[in-house]
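This report describes a predicted model of a protein chain.

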Amino acid sequence: MFSTVLSSGCSDAAGLAGNLFAFVLFVSPIPTFRRIIRNQSTEQFSELPCIYALLNCLICLWYGMPFVTPGVILVATVNSIGAAFQFIYAIIFIIYADKSKKLRMSALLMAVFAFFGMVVFVSLRFLETHLRQMVVGYLSVFSLISMFASPLFIINLVIKTQSVEYMPFYLSLSTFLTSLSFSTYGVLKFDPFLYVPNGIGTILGIVQLAIYYYYSNKYGEGSREPLLASYA
């Protein structure tokens with residue numbers, strides 16, 4: 001009995017910590033979007049990281065809902081906040097983008113919500129409880145792992161430029177701590193759909209921090225704003 005209560009308390013603590021660290025990631029693009037608003041232009045920033053992040057948050061939000069996966073509500077809370085932030089960023093991007101980007105971003109945004117709506121409809125209408133959790137779980141794993149393309153891109157950029165200017169320390173640390181927290185949360189909940197992708201994210205976070213330490217010591221820190229892709 002005591003061990004069950006202890007395990008539940010530890011998992012809740014890990015989940016709450018993950019929510020806190022993830023919030024730092026969600027607000028990290030604010031300087032970029034301030035710049036977009038100030039210059040009234042999206043310049044060369046890509047819309048894809050925002051779209052990928054929104055889709056990821058929506059899928060993981062659905063996975064964390066009680067009628068899909070009971071007992072992991074903290075996954076739903078963090079991703080509901082994340083989805084709200086990404087939607088706001090997407091609207092800002094649409095407002096200040098040129099015509100071609102505006103149309104493309106609008107189409108992608110509608111496609112994301114259409115796909116999410118289809119996932120919700122199919123999983124509720126045609127899948128029983130266990131199969132629903134399995135299907136949405138695999139979708140969330142695929143979504144999370146696909147998001148790792150962004151840190152891999154940043155790591156490659158740092159190695160090529162031999163500069164950490166596009167990989168701020170606080171962002172790398174938050175990525176690592178978020179993945180570690182939700183990996184721990186998944187282990188304590190005995191949920192491989194949580195601890196496998198977040199375990200991979202934790203390893204990537206360690207690699208990012210090690211690369212940051214190496215290049216910042218060797219070449220010094222840069223001063224540019226992080227790439228928009230860095231928060232995805």
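## Confidence of the model

Over which residues does pLDDT stay under 50, and how many contacts beyond four places in sequence does the model have for them? The residues concerned are 223–232, and the model has 41 such contacts for them. Here pLDDT is the predictor's confidence in each residue, on a scale from 0 to 100, and a contact means heavy atoms within 4.5 Å.

The protein chain as a whole has a mean pLDDT of 87, with 91% of its residues at 70 or more. Among its elements, α4 has the highest mean pLDDT, 96, while helix α7 (residues 149–161) has the lowest, 78. Helices are DSSP runs (H or I, at least four residues), as are strands (E, at least two), and they are numbered from the N terminus.

Since the model is predicted, local features need pLDDT of at least 70 and side-chain atom pairs count only at pLDDT 80 or more, whereas totals for chains, interfaces and linings use all residues. Residues are numbered from 1 along each chain as its sequence is written, and side-chain values use heavy atoms, with hydrogens and water left out.

## Aromatic pairs

Rings of Phe, Tyr and Trp (its six-membered ring) are taken to pair if their centres lie within 6.5 Å; planes under 30 degrees apart count as stacked, over 60 as edge-to-face and the rest as tilted. By this rule the model has 13 aromatic pairs. One of them joins Tyr138 and Phe193 edge-to-face, with 5.1 Å from centre to centre and 80° between the planes. This pair links distant parts of the chain, as Tyr138 belongs to helix α6 (residues 129–147) and Phe193 to helix α9 (residues 192–219), 55 residues apart. Tyr138 is exposed, at 52% relative accessible area, but Phe193 is buried, at 9%. Buried means under 20% relative accessible area, exposed over 50%, and partly exposed in between (1.4 Å probe, protein chains only).

The pair of Phe182 and Tyr185 is edge-to-face because the ring planes stand at 90°, with the centres 6.0 Å apart. Both residues lie in helix α8 (residues 169–188); as they are three residues apart, about one helical turn separates them. Phe182 and Tyr185 are both buried.

Ring pairs also connect Phe23, Phe26, Phe33, Phe85 and Tyr89 in a cluster. A further ring, that of Phe126, has the charged end of Arg125 over it, 5.5 Å from the ring centre. A charge sits over a ring if NZ of Lys or CZ of Arg is within 6 Å of the ring centre and within 35 degrees of the ring normal.

Gln40 follows α2 and lies in the loop between α2 and α3 (48–64). Its phi is positive, about 50°, although Gln40 is not a glycine. Gln40 is exposed, at 59% relative accessible area. Thr42, in the loop between α2 and α3, is buried at 2% relative accessibility. Leaving aside residues up to four places away in sequence, Thr42 touches Ile36, Phe93, Tyr96, Ala97 and Lys101.

Another residue other than glycine with a positive phi is Phe190, at a value near 55°. Phe190 lies in the loop between α8 and α9 and is exposed, at 71% relative accessibility.

## Cysteines

A disulfide is counted where a pair of cysteine sulfur atoms lies within 2.5 Å. By this rule the count is zero. For Cys50, which is in no disulfide, the nearest cysteine sulfur is that of Cys57, 9.7 Å away. Cys50 is buried, with a relative accessible area of 2%.

Cys60 is likewise in no disulfide, and the nearest cysteine sulfur, again that of Cys57, is 7.1 Å away. Cys60 is buried, at 5% relative accessible area.
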